[in-house]
Structure formats: structure tokens, C-alpha cells
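Visitor: I have a structure open and would like to be walked through it. Can we start with the surface?

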Amino acid sequence: MKTREEIISMIEEADVEFIRLQFTDIFGRLKNIAVTPSQLVKIFKNRISFAGSAAFGGRYEFDDELYLYPDWDTFIILPWRPQQARVAKVVCDICYEDGTPFEFCARRILKDNVKKLAAKGYEMWADPENEFFLFHTDENGLPTTKSHEMAGYMDVGPVDFGENARREIVLMLEEMGFDIESSHHEGAPAQHEIDFAEADVLNMADSIQTFRFAVRSIAKRFGLYATFMPKPKDDVAGSGMHLNLTLKKDGKNIFRNADGTASEEAYQFIAGILKHAKALAAITNPTVNSYKRLLGGYEAPNEIGWARKGEKVLVRLDNNIEDTKVELRFPDGSSNPYLVFACCMMAGIDGIENKLALGEEAGKNTEIECLPENLKEAIEAFVKDDVLADALGKEFVEIFSKVKLAEWKDYMMEVSDWEINRYLTKI
């Protein structure tokens with residue numbers, strides 16, 4: 001943990017004039033309170049507060065005042081901001097006034113599950129593949145879904161119009177201390193991917209939130225709008241957030257045997273993920289739009305199966321010459337990474353502890369179930385899953401489900417252009 005003296009020294013040396021105290025609401029939206037260094041005494045005493053409903057994205061009434069507890073190891077000076085009067089950020093946990101942890105804080109939920117995992121002798125690491133679109137903005141600076149670009153998978157400039165923006169994003173992230181493994185143009189026009197090197201899940205969840213914030217901020221400097229919406233256009237591939245997971249014990253990957261083969265624990269972990277897949281979808285794919293990607297083809301997975309190879313499977317066992325990882329191909333960028341890691345780790349551990357048997361690989365004459373077709377079906381599975389309820393807390397499940405079902409109802413009441421075009425002149 002960085003000391004108070006170290007933080008003050010960094011602020012003074014870099015001429016920091018604004019500090020963003022960032023936290024994540026339960027739906028994965030990044031929030032912040034910006035303060036000046038004149039408030040450092042108050043910050044160090046954890047006396048910066050906010051209306052509790054903000055922790056629920058303003059979508060659930062909560063009367064208590066909540067307080068921000070900075071994790072100073074996440075303190076970073078933002079490199080894309082001015083070199084004078086600079087801006088820094090720090091990730092915060094949420095607590096009550098007396099310092100009691102806020103039970104609905106997504107970061108705290110992940111921390112609690114990491115402790116549960118550690119008590120069993122494990123730790124989980126992840127390296128995500130983050131996909132997003134870079135679209136044009138209109139004359140008012142508002143986002144559109146338009147792009148003049150026609151580039152495809154791994155194309156280069158000049159056909160890749162977003163190459164310069166993507167390069168700047170990577171360079172800025174590395175300046176902030178990110179370990180970026182690779183970046184490239186994705187399959188759809190204006191679609192991009194940036195992949196991280198692996199880290200433990202708490203640090204990775206923090207990194208994903210900072211990454212999304214950085215991508216949007218840097219894209220704006222190029223006159224573009226970055227979106228992690230799973231399916232912003234119906235005629236091209238959607239954006240996912242594939243997760244490559246490793247379970248470690250005493251620093252060793254337990255998914256891999258000494259002879260380089262995949263271990264029994266790897267198969268059991270996958271079996272746990274598949275067992276809970278329908279309920280997990282409420283967390284990994286938490287928006288109405290998520291299911292347009294999963295049902296829309298373009299290699300997005302929908303069937304609850306696994307394989308060693310293949311793009312369309314829900315879970316892939318990646319056992320190569322160097323390492324063994326379990327790749328989840330269904331999560332998307334609309335999700336809350338803290339909740340995703342908490343739920344996926346406990347679903348996988350359920351498979352290991354109960355020695356669940358893994359069925360045949362997809363494509364081998366197996367009868368395969370499918371993920372929920374929509375958000376409502378996912379929530380219905382979610383509220384029945386005891387393992388996820390234990391990971392998140394029953395009251396969390398109730399609140400999350402209530403808000404998400406209201407979101408589904410709002411969607412069902414909206415008359416779409418598709419309905420007008422389909423029915424107006426025919427009925």
C-alpha cells in the first residue's frame with residue numbers, strides 16, 4: 001500500500017490539481033467525485049460521501065449516505081490530461097459512515113469471494129480480450145453508430161481508420177502501468193480489440209474499469225466515440241469480452257498437469273461454468289442488447305457447450321505448448337467485471353468441489369442446451385441459483401433482479417422501428 005507521504009509527494013511533483021475518487025455502481029457504471037488536493041486531509045480520513053442511491057445507478061432508492069475509502073495502490077496520474085494542472089484517479093471501496101463495508105459494493109463483493117477462494121488454497125487470474133467500436137460523433141459531439149471505415153479482421157492502415165487512436169490508447173495505457181499483450185482491428189468495420197496480460201482478478205477488474213474510462217476519453221480526442229455496447233449494429237459482429245481464466249495454487253496453474261496435459265480440475269471447472277451458465281448470463285450479459293449479440297451469429301456463442309477448438313463454443317479449453325487456460329467466450333463489455341469474476345470463480349469452484357463430470361465436446365453428436373434468449377430468461381435462472389446467491393448475497397440478487405426486470409419491462413413497452421416497418425401497413 002502506498003503511504004500517505006508517497007501520495008502527497010506524487011501529487012506535488014506532478015502538479016496534480018484534481019483527484020477523481022472513482023467507484024463502480026452495481027451495474028458496472030463507473031462513477032466519481034472530483035476533488036482538489038486541498039481536500040486531502042478529508043480524503044485520507046475517508047470523509048468524502050455521496051447519496052447512496054448512486055451506488056445503484058440511481059435506479060433503486062437507498063437513503064443512507066455512503067463514504068469512499070480509496071485504495072491508494074490504484075492511484076494513477078492520467079497521462080492524457082494537461083501536463084500542468086494534472087488529473088489523477090484512485091479506485092475506492094464503498095463503506096457506511098462508521099467504516100462498515102457496504103454490502104452492495106461490487107468491488108467489496110469480489111474481495112470477499114477472493115478471500116473465500118484463498119481459504120480453499122486458490123487464487124484466480126485472468127486476461128481479458130476487450131472489444132469495442134470507435135464511431136463518429138455528430139455535429140453536436142453526440143455519438144452515432146456511423147463509420148466510413150471498411151476494415152476487417154486484423155487489417156492495417158490506411159484502411160484501418162482507427163489505427164492511430166488505438167495506438168494512442170495502448171501507449172497511454174502502458175504509461176499508466178498496464179501490461180498490454182496485443183491490439184488489432186476486429187472483424188467488423190470500426191471494431192477494435194485490446195488484450196491484457198494476465199493479473200489476479202481484483203487488479204484485473206480495477207484495470208478493466210480504468211481501461212473503459214481511458215478508451216472513451218482518448219477516443220474523444222480523435223473526434224470518435226468508443227462504445228462497449230455488445231451489439232450496436234444488427235448487420236455486423238457484436239463486441240464481447242472473452243475471459244481467459246487460470247486457477248492457481250501455491251503459484252502453480254492447477255489447470256495444467258506436469259506433463260503439459262489439461263488437469264482434471266480444468267474439466268471440472270468448465271463443468272461448473274456450464275452448470276451455472278444460464279444464471280451467469282444475468283451477470284456476464286446483463287443488458288437487453290447483450291442477447292442480440294449472443295443470438296446474432298458472427299461466431300458469438302449461444303449453445304452451452306465446450307471444446308478444445310472452435311470460435312462458437314461457450315467455453316474453450318486452451319491447452320497449448322506454454323500454458324493451459326479456460327476461455328469464457330460469452331461475457332460482454334456491458335457487464336460489471338467485479339461481479340463477473342466473483343460469480344465465474346465460484347461457479348467453477350462448485351464444479352471442482354463437487355467433481356462435476358464434463359460431457360462430450362460440442363459438435364460430437366451431443367444434445368446441447370442454449371443460453372437464455374433474453375434478459376428476462378437470464379434473470380429467471382439467476383434468482384434460482386444458490387451458488388451465485390452465496391457469492392453475491394441474497395439481498396443483492398433481489399435488488400439486481402428487480403431493477404433488471406424493470407429494464408426488461410421498459411424494453412417490452414417500447415415500440416420499435418422494426419415493429420412499425422413490419423406491421424403498420426399490413427395490419
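Visitor: What does the accessible surface of the protein come to?

Guide: About 19900 Å², and 48% of that belongs to carbon and sulfur atoms. The areas come from the Shrake-Rupley method with a 1.4 Å probe, and for residues only the protein chains shown count as cover.

Visitor: Where does the model come from?

Guide: It is a predicted model, where local features need pLDDT of at least 70, side-chain atom pairs count only at pLDDT 80 or more, and totals for chains, interfaces and linings use all residues. Residues are numbered from 1 along each chain as its sequence is written, and side-chain values use heavy atoms, leaving out hydrogens and water.

Visitor: How many of the residues count as buried?

Guide: 53% of the 427 residues, with buried meaning under 20% relative accessible area (1.4 Å probe, protein chains only).

Visitor: Which residues have the most contacts inside the largest nonpolar core?

Guide: Phe102, Leu247, Val315 and Phe341, in a core of 126 residues. Such a core is a set of buried Ala, Val, Leu, Ile, Met, Phe, Trp, Tyr and Cys residues joined through side-chain atoms within 4.5 Å. Helix H9 (residues 337–353) gives the largest share of this core, 12 residues; helices are DSSP runs of H or I, at least four residues, numbered from the N terminus.

Visitor: And what does Phe341 touch?

Guide: Leaving aside neighbours within four places in sequence, its contacts (heavy atoms within 4.5 Å) include Leu110, Met124, Val201 and Leu245.

Visitor: What is in the second core?

Guide: That separate core has 5 residues, among them Phe133, Ala188, Ala190 and Val236.

Visitor: Last one: what box do the C-alpha atoms fill?

Guide: Roughly 65 × 60 × 45 Å, taken along the principal axes.

Methods. Buried means under 20% relative accessible area, exposed over 50%, partly exposed in between (1.4 Å probe, protein chains only). Helices (H or I, at least four residues) and strands (E, at least two) are DSSP runs, numbered from the N terminus.
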